[in-house]
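Please work through the following exercises with the sequence and the model open beside you, and try each task before reading its solution.

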Amino acid sequence: MSKKDKVFTVKIRRDYCKGCGLCIEFCKQDVLQASANMNSMGYHYAEPAQPESCIGCMICTMVCPDLAVEVYSE
Amino acid sequence: MKLENQWPKYYKKNVVTHYCPGCGHGIVHRIIAEVLEELDVGKRALLVCPAGCAVLAYHYLDIDVIESAHGRGTAIATGVSRANPDLFVISYQGDGDLSAIGTAETIHSANRGENITVIFINNAVYGMTGGQMAPTTLLDQGTTTSPLGRNAALDGYPLHITDVVAAFPGVAYAERVTVATPGGIKKTKKAITNAFQTQIEGLGYSIVEVLSPCPTNWKMTPLQACRWVVEEMSKEYKPGLLTDKREEKRKLKA
């Protein structure tokens with residue numbers, strides 16, 4: 001199965017996210033946004049806003065300093 | 001559902017780093033853990049931690065660690081690597097550590113061509129102690145000890161320590177990279193892989209300088225800090241390959 005046929009889902013490990021916003025900025029598809037809620041550390045964590053637009057480029061997982069982004073494929 | 005980015009084997013589970021949001025250390029730690037796994041050297045790896053923000057790296061990387069005195073990382077790495085050549089020795093150091101108090105150790109370990117790998121995190125300030133001026137601070141850059149900006153007449157010029165050691169015959173591999181852009185992060189992984197392979201082949205000293213954002217001490221948002229690395233810092237410290245003597249070292253060895 002090629003990458004084109006896969007469906008990708010982004011999940012955020014909420015309590016790992018420090019809200020630096022790098023994944024939100026570097027995502028070309030604008031999949032992520034900053035949440036209005038806070039996590040246990042008091043940061044506005046990232047959350048998927050348009051999960052269906054994810055193309056699985058993995059840039060969010062690369063730029064995240066805290067391993068807070070998980071990308072699933074099916 | 002398949003997880004595309006597995007948790008690196010040599011990165012401890014269920015830990016959140018103490019680094020500030022947007023700090024480059026977390027990215028470099030993850031890359032080190034991934035490359036150790038890919039090259040299958042994690043079992044015999046030994047990390048020498050610096051004094052600096054990365055002093056607690058042993059909380060995050062699941063490999064053996066020795067804590068060094070300030071700046072003496074490469075001296076300890078030399079001892080470990082000579083006493084036990086089977087170990088894979090990485091010295092992880094910041095710019096205040098490697099290029100200020102540890103200049104003598106850095107220069108001489110590089111000159112001896114010790115078979116170690118140095119990961120040099122350059123963020124142009126002393127991060128842990130509150131953003132004081134470091135030797136690598138750029139001209140006119142404001143820090144807590146140079147509030148009007150670094151003045152060349154008073155404080156000298158930014159120190160290009162990696163360029164200095166790259167000129168030594170003992171240094172097999174030296175590269176400067178950034179972790180401020182996705183492309184830079186890919187290059188960082190490539191450079192760290194090359195540096196680790198240099199040590200695995202026993203070719204000598206390898207050093208990777210990583211230009212890393214420090215949003216807290218630069219008084220910027222994480223995004224502004226990344227832009228500053230690309231627009232200002234990369235002008236003074238140009239990313240790229242500084243030396244690659246691996247081929248001639250291979251010939252010498254054969």
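**Exercise 1.** Among contacts in chain A between residues at least 6 apart in sequence, what percentage join residues at least 24 apart?

*Solution.* The model is predicted, so that local features need pLDDT of at least 70 and side-chain atom pairs count only at pLDDT 80 or more, while totals for chains, interfaces and linings use all residues. Residues are numbered from 1 along each chain as its sequence is written, and chains are lettered from A and ligands numbered from 1 in the order in which they are written. Two residues are in contact if their C-beta atoms, placed from the backbone, lie within 7 Å. With that cut-off, the share in chain A is 62%, and the corresponding share in chain B is 68%.

**Exercise 2.** State what percentage of the residues is buried in chain A and in chain B.

*Solution.* A residue is buried if 20 or more other C-beta atoms, placed from the backbone, lie within 10 Å of its own. Counted in this way, buried residues form 35% of the 74 residues in chain A, and 53% of the 254 residues in chain B.

**Exercise 3.** Find what Val208(B) contacts beyond its neighbours within four places in sequence.

*Solution.* The residues in contact with Val208(B) are then Ile119(B), Phe120(B), Glu175(B), Val177(B), Ala191(B), Ile192(B) and Ala195(B).

Key: Buried ≥ 20, exposed ≤ 12 C-beta atoms within 10 Å, placed from the backbone.
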